[in-house]
Amino acid sequence: MAGFKGQAEYAVDEKGRVAIPAKMRAVLKPEAKGTFVVTRGFERCIFAYPLDRWEHMEAQMMSLNLYHREARDFVRLILRWAEEVALDKQGRIVLPKPLMEYASITDRALIIGALDHVEIWDPVVFEQYVNAQPADYETLAEQVMGV
C-alpha cells in the first residue's frame, strides 16, 4: 500500500477548514469513508489518520494493559483530542479549534505526508522545529536507517 508523502501549504479559512492535497486524498482506501480522525500529534502538530487506519490504532490501544499508568495516560491524552472529520466536496476537513490552538495554526497550514497518517503544522512552527534539529539530514539518516 502506498503511504502519504510529500507536502503542501494551504490557507485555513475562518471556519477552520483546510484542504487535504489531492495526491494524499488519492491514497485513502474506500474503508476510510472519506473520513479522518484528527488528534494531538507530537512536536505541536495535528495528526490526521484515515478512519480505517485509526481503527487499527484503537485496536492497539485496546490491547494495552491499562493497569500501567503510562498506558492509561497515553490513551487518555490521545483520545481526549480525537475527533472524526469528513472530507467535504472541496477535499477539505475542519480542524477543531482546540487542536488549532495546540498547533498554533491560524491562517496557513503545512500538510505533510507521514506514511500512515498526515501531519498538519503551522508553517512557522514547522520551520522552527526543522531549524532546532541537532543533527544534519545525513547524520540522522545514518542513525535511523544505518546498520
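The legends below describe close-up views of a predicted model. Local features need pLDDT of at least 70 and side-chain atom pairs count only at pLDDT 80 or more, while totals for chains, interfaces and linings use all residues. Residues are numbered from 1 along each chain as its sequence is written, and side-chain values use heavy atoms, with hydrogens and water left out.

**View 1. The largest nonpolar core has 25 residues.** A nonpolar core is a set of buried Ala, Val, Leu, Ile, Met, Phe, Trp, Tyr and Cys residues joined through side-chain atoms within 4.5 Å; buried means under 20% relative accessible area (1.4 Å probe, protein chains only). Among the residues with the most contacts inside this core are F36, I46 and V118. Two or more residues each come from β3 (35-40), β4 (46-50), α4 (97-102), β7 (108-114) and β8 (117-121). Helices (H or I, at least four residues) and strands (E, at least two) are DSSP runs, numbered from the N terminus.

**View 2. D13 sits in the loop between β1 (7-11) and β2 (17-19).** D13 is buried, at 18% relative accessible area. Its side chain reaches the backbone nitrogen of K15 at 2.9 Å. The side chain of D13 also makes a polar contact with the side chain of R17, at 2.6 Å. A polar contact is a pair of N or O atoms within 3.5 Å; within protein, one must be able to donate a hydrogen and the other to accept it, and residues adjacent in sequence count only if both atoms are side-chain atoms.

**View 3. Helix α2 covers residues 51-62.** Its buried residues are L51, D52, W54, M57 and M61. Their cover includes β3, β4, α3 (69-81) and β5 (83-86).

Terms used: Buried < 20%, exposed > 50% of the residue type's maximum accessible area, 1.4 Å probe, protein only. Expected span 1.5 Å × (residues − 1). Contact = heavy atoms within 4.5 Å.
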